[in-house]
Structure formats: structure tokens, C-alpha cells
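Thanks for coming. Please have the sequence and the model open, and we will go through a few local features.

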Amino acid sequence: MDPIAWLSGSLGVPYWAVRAVAAPLVYPGLAAFMVVALFIIWAERKIAARVQMRVGPLYVSRRLGGALQVLADGVRIAFQEIIIPVGVEKWSFVLSPILAFTVVSLAFTMVPGGPGIYGFRSSLSLLATYAIVTLTPILVIVMGWASNNKFSYIGAGREALVSITGEATLLASLLAAAMMYGSMDFVEIVEAQMRSHVPGLVANPVAALLFFIAALLVTDRLPFDLVLGEQEIVQGPYTEYTGLLFALSMALGYAKLYVLMLVFTHVFLAGWAPFTSPLLGSIAVFAKTLLLMLVAVFLRSVYGRMRLDQVASMFWSKLFPLALVAFVVSALIHPIYAP
Amino acid sequence: MTRLLLPGMEGRVLGERGGLRVVELYIGAQHPASGHMRLIVYLDGDMIVRVDPDIGYVHRTVEKLAETREYVRVISLVERMTIIDACNVTLPYVEAVERLLGVEAPPRARYLRTILCEINRVSSHLYGLGLGGIFLNHSTMYMWAFGDREVFVHLASLLTGSRLTHTYPVFGGVRRDLPQSFRDEFEKAKRYMLRRLREYDKVFFNNPVIRGRLEGVGVLPREKAVALGATGPNLRASGVRYDARMTGYAAYRDLGFEPVVGREGDALERVWVRLREIEASLELVERALRELPDGPFIDERYTRAVPPAVRHWLEKGRLKLPGGYVRLKTRPGEALGRGEMGRGEITYYLVSDGGMKPYRLRVVTPSARNVVLFDALARGHTLMDLPAVYGSIDYFPPEADR
Amino acid sequence: MAGSAGGDRHRSRPGLVRAHLEAIATAARRLLEPPMTMPIPDYGDARVPGYRGVVLFDYDKCIGCSLCAQICPARAIKMYRVPGDKRLRPGYNVGRCIFCGLCTDICPTDALSESIVHDRVYDDVPSMDMDPVDWAVWSRRVLEEERKPGRPLLRARVDPERGLVYERVDAEGGPVAEEKGEER
Ligand code: SF4
Ligand code: SF4
């Protein structure tokens, strides 16, 4: 049974229009992201707690092991006063986090959540998703500038450096993968992997690893949380934010992580394979994405923060050249994905 | 040329100082990684050109207050400078007063003092390691060190009845005898801690990310360390074989104490010295427990005057003090107390005019001596290295401010 | 011995990939192990024997010598004149007390003793400052609470595998059989 077909039938709207609204708003879009964020932040805290021999969130919903803690925190933050400091540039201060989150949400129109579950299909959807995700640093820099705070300003500078550094590698690994499949369309990429029964992770592990590491960098995950830099610059560009605006700017990182891990699932983990039905396929995609995000948040309890210059030199002098290796691997291996 | 003035520029404007265009960054006193102090950092780009530690936020006039209290009441006052290292901070004071009183602690008391001092040192180092970890945003090291410190806090409370402010050494001895369960519990704690140190090595010390943050950062050459008067693990990490315990106070002479000495003097070496000192301290406590002499835990002179009705406490290993203990009079003169705390050497200079209260008590704490290192070590590094430097010198503001 | 001079931190340095894998594996191993924290507030802390908490006062044993007030470093104890009593008696400000236990050490009778509580809640600041009679009455109440704890008690014990483990004890410190696994 296809819920989209049923909806379009009963509303009398064309199939594609229902899909174009449902995908970004429900799944894999905002509603699904809410669930993911609630779960992953809880999991992040719980995993860190267990590694650190603590209990972690517990008392909000004891039976669920404190799973509703994030919801409780979210409610509290939602009702918190939004403080706009005197010296800030009001409009850019208020609008940039909202705009940044909106921009990231646009990616949900492109990335499929399962077979046939997407807003638009385009032969360049991979590139478009990348472009959308990498638009946000500009808005983060605006946030840092508008905050009128030295810590935010330094954080904005770091964001500029980090985004340039990370995105080069991110793009290179994506292009290597696209070259391997001979396509930039998520659906075709997944189908190519299903046809040959070789997931991209096996075919080109170099590109997969690079993508994962670069994704950690552009989403401010440890060991690359330079922009947040709590111990130096106190959340960097987000220092002055409170209430919902703070929640939005924090959700920004998780939204980017979610989108990028969805992309990883499609490009390197064969998307909805081994299922072809929309429901089971969607579950497969969702589960793979969550698993990847769990790995990403687990790293929080293993690493500290790397230094700025070390990150830059690691990416430019080690990982980016490695991306060229990924291209070579793709060139060698692409015949297995030939239609 | 007109200056470009964008709206709201004042927050980001660059300052001019000493001919350099610098950003003045005020880190603290409300900052997640400043402690009870403020660091005024001058940045040229991302490079630190100067650090001014602004101390004194937790100054409690300990030296002056000491002049207003009887000797025994000063013990728990000086303890407040570093409650996480309570035995080490009070012992040199107690020994200085003992010298003026002309008493000496019996051997068993000296050993018990050593045992508690070393347990305090382990927990103090773990505290420093934990903070050093979170300064690099390594939350696991932070939580692990603080969790494992709890083991040693537990051991200390078994011995003294108090988790942190033990007020354990008193003039002429200590306040409690070794409880029966202690040896057994310590044995287990030692096995546990040695295992955990291997895990620290894997997750923190050998972790490539952490290595990258600490290695070669804040190098303190040997000569400079001596010239600046750095002390404690920071000094030993630079290759200076100096430790106040080498003077052999308490039971250190009998135990054949050997300091841990590093070589390179960078942040990693300082962390390494602390990790190895934890091992050495465990070793020392074990030796002290093995060689613990029998006998009283407080000088006969004081137990003689204890009223018979409460003497049974002494047999049970609990101190009972005679009434005259509050009004102890020392001979006029001066005495020096030195001891090695977790963070370095502490010195007490005590002047007595023959009364019941100190005439003057001068205290130099290790953190007060180490505060110069902020500027000396951080210069030329990036802003991101500042927490690494701070964490590696294990600076404790309440101790420095007194 | 462990504290040998001039050790080498480089000797044990593993290769880059191995170091990463070891760090991840060590953290992952801990993920599967139980926490070492004490489940407060569901359980109370039974404290170690001889723990120094708030000071309890037995009016009948006191001889009014005022030594406790003299030794108290925090000036938590003051001597009061009690109507109908010729001698001065000690009063106690629990808000000032630093739980050093010196007063119990110097008391020539057993009038003062230590409890295992230090974390009580008081209605207001004045109620923390007690005159001798109040102190004696309050002490009896604290003792009773100590005998009948409001929640099950746990006592910490060092464990060579897990750091600290906790066992159920009753108010006297005797072990109690665990009814069921604690829910975490
Ligand atoms: S325990 Fe210490 S601070 Fe408290 S009343 Fe007794 S002497 Fe004073
Ligand atoms: S020391 Fe003991 S006997 Fe003396 S006044 Fe205090 S409580 Fe009473």
C-alpha cells in the first residue's frame, strides 16, 4: 500500500505534488529528523555516559532509560527567553539561524528516504544536496559576525576555514563515488549497487572513509568540533544565542549530520537494498542512517578536539591527496557498476 | 585613509598595544575553561603574544586569618587553600609548629601521614588529569579521572572519616589509627588503578588526537624552568630532579623516595610525569603499609592528659585530645615547613612570639609559583593551545590565591 | 621501581592506526560495563565507619567546660546561658560547621559525637543556629533518622575490576540480601 498514492487519490492532487510536499516535511524530512534528533542526542549522552562509567539521562522517563530527556530539554529551551544583546545586528542575528536551518531542510527534497520516497528526482541530485549543505557555513559566519562578540567572531573565522577544508575533501570523495557509478542521481546510484550486489563501501572504501571523516568536520563532530570549541571560544558563533534560536543553531549540526549520513547510506551502503518495497526500503535506509549517526556520536567519547592547524594540514596534505587515490580506485572499479 | 566602520564594529575591533595590532580576549572569570581567574590574552591573528593571568578572585586572606586563631584551629584553615589535597597542604604547617613545640610525631604517625599524603597526591593528580582532559574536550578522560578519584577519596575517608577536608595530621601525631579494612581495600584499589592507567594510556595518552595537542606544546626548557621557579611535576617534566619529598620529611626518608623525572618539558611530558607519579605513589603507599611500625599514633605527651572517661577511644584508634591542646604555646622563634603537594612544593614560614597564635604565617603555594608559566608557555602558540597549556600545568586558582 | 628517573614516553608509542583502534576499542569495551556511580537519590549512602557528619550533642553528659567552643575552627559552637542552668552550655550553628570533628576529639566526656549525615535540609537560616536545648533535641531526631533511614542504604567498597561497587546495608551497617537487581 502506498500512502502517497492514497493521499493523491483522495485529495485529487497529482502524485508528484503530494510527494514533493510529503518528502521534505515527513520522511525523510523534518518529522523524521525530529525523531532522529531526539533519539541521537539521547543516544549520544547515554553512550558517552556508559563509556564514562556513569548512568546518563535517567529520571525523565525512567522506564525508557531517560529517552525523553531531550524532549524535556527541548520544551524548556522552547520557552526560554530569546535574549537579543544590545550590540548585535538584530536582523542578521535573528534571521541567520532560521535561514540556515531552512537551507539545510531543503536538502530533504533531494535525498530519497527509500525507493520512490523523494521530493524531486534529478540527474544531479547528489551535487545539489552537497551544494545545499555547504551553503550553511556562510550563514554561520553571518551569525558569528552579527553576534558582536569576540568569541563568536573567532568562531566564525574557524567556520570559514573548516568549511573550505572539509568541503574540498567531501566533494572529492563524492565525485569519486559518482564517477564510479557513472551517475549523480541517488536512485541510479542505489540501483547500480543493487544490480551488482557490491555496496560502494566495499568497492571504494577510501572514498567512504574520506566522506565520513569530512562529514564529521563539516558537522562539527568530535574530534573536529573546532567551531564550537567550548573550552576556548564557548560555542563559537552560537555564544550569544538563547532559547529557540540556540536550539535551531544546535539542530543545524545534527540536521547536516543526518543529511550527510543519508547520503552516505545511499552512496556507500546501497540505500534501501536489499528491499524494494517503499516501506521496507525506507526502514532499511533509516536504520542504516541511524547506525552511522550512532558511530559518529560514539566518537565523542573517544577523542578530544584537534587543533586548527593540525586539522587543516591533515585534510589538505593527507586526506585530499587520498581522495585522488579514491578517484583511481573508482576508475579501476567502475566496470562492475556498468549497466 | 578613512577607516572602514561597519555597523556594530566595536565588539570585534582590533586593539593597538605595544605597536602590535592585537585582539584582547578576556577569558574568564565566567568562562567554561578559566577556573576562578581571568586570563587576558593578546592575540595577533591566532597567535598568542601575551597572557596576563588576572588572579585573586578567590583570595581568602588565609595568612592574615591565621594570625587570629590558635595553632590547632589554623590546621583546618590552611586546609582550605587546597581541599582536594588536604593532607599535603596541612602537613608542612603541622611539622613547622611541631618544631616550635618541640614534639615529634611517633613513627607510626609519620607513616600514616605519608600514606594519606600519597593517597591525596593520587587524587590530586587524577583531578588535574581530568581537568586537563576536558580542556581538550576529552570528556571521557575527565569523567574517568574523576570517577577513579572517587576510589581514593573513599580510601581517604576510610582512614580519616572525611572525604576531602581530613584535618588528619595534628601536632604530635595523627587523628585516627589505620582501620582494619584499609589494607585490603588499598590492595584492591592499587590493582584497579594500575589497570586503569593502561586504559588511560590507550584512550588519552597515546590517543593520536591528544598526542597532537600536547606534544611539543608549551615547552619549558630546563634552565627556564629553574629560572622561573616552576615547581612540582612541571619542574620535573623539564628534567630537574627535585622534589621536596627528597628532604625526607614524614616517612619519606625511611621509604627511600625517588622522584619521577621527565625530560622534554612539553605538555605531554607533564601529563606523563603525573601518570607515572600516580604509579609511584601507589608503590609508596604499599611500601608504607608493609613497613608500618607499631606503636602509638600520637605523642604520649598529649595522651597522658586525656581524661580517663574517654580513654577508651584511644584504644579504638580514635584521637582524644587533652583540654590544653587548644591553648598550646610554642617557644618564640621561627620555623620553616616544606612539603611536596600534588602540584609542587609548598612552603610555610612561621614566626611565633611565644603566644597561642602564630605571629605571622607566610605561605607560598605551588600554584602561586606556577602562575608565571601561563605567559611563559603560551606565547607563540595559537589560542587553541591555551587550554592545553592550562591543563598541563595543573593550575589551581584557590591554591594560588590563598 | 615505577618511579624510576628518566623513563621514556616514546618507547611505548604505538603506530597511528593501531593507536586509533586501541582508543576506540578501549572506549567501546567500557560501553558494555556497568556504571561505577552510586544510585543516589534512590539509595542513601551508608558512609564508611567513623564518618564525620554533623555533630550530635548529649545535654546530660556535658560538663560545660567550653573546650568545644574554644577549639572549633569555624566558630560553629558558641557557649550559651541556659535558664535554670548554672553552667554555660554549647550551642551549634550547623551552617558554619565544617565537619572537622575537632570538638568531638576534645570533649572530655562523650557529650559530643559524630553522625553520618551532613546533607540535611533546613527550613531557613535561623533554624540552623541552635541553642543548647534545641541542639540536644535535634540531635535525638537525627539519631532516630539514622536508625530508620528513609531509603535503602548502600555502602561503597573498592573492587579491583569495577573501581567501586555498592552493597546494601541496614542502618547498623550489616549486609542486606539484595532483593532484585537495581533498575538503571
Ligand atoms: S565539627 Fe569542627 S566545625 Fe563543626 S562544630 Fe565541631 S569543631 Fe566546629
Ligand atoms: S567540650 Fe563537651 S563537655 Fe565541654 S562544653 Fe563542649 S560538649 Fe560540654
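I will take a helix, then a sheet, then a single residue.

This is a predicted model, in which local features need pLDDT of at least 70 and side-chain atom pairs count only at pLDDT 80 or more, while totals for chains, interfaces and linings use all residues. Residues are numbered from 1 along each chain as its sequence is written, chains are lettered from A and ligands numbered from 1 in the order in which they are written, and side-chain values use heavy atoms, leaving out hydrogens and water.

Chain A. Helices here are DSSP runs of H or I of at least four residues, strands are runs of E of at least two, and both are numbered from the N terminus. In helix α4 of chain A, residues 69-78, the buried residues are Q69(A), V70(A) and I77(A); buried means under 20% relative accessible area with a 1.4 Å probe, protein chains only. Down the axis of α4(A), these fall within an arc of 95 degrees, so they line one face of the helix; the arc is taken from the directions from the helix axis to the C-beta atoms.

Chain C. An open antiparallel sheet of 3 strands has the order β3-β4-β6; strands pair if DSSP finds at least two bridges between them. β3 and β6 of chain C are at the edges with a single partner strand each, so one side of each lacks a neighbour in the sheet. Y92(C) has M130(C) in β6(C) as its bridge partner.

Chain B. Is D243(B) buried or exposed? D243(B) has 0% relative accessibility, so it counts as buried. D243(B) sits in the loop between α9 and α10 of chain B.

Note on methods
Buried means under 20% relative accessible area, exposed over 50%, partly exposed in between (1.4 Å probe, protein chains only).
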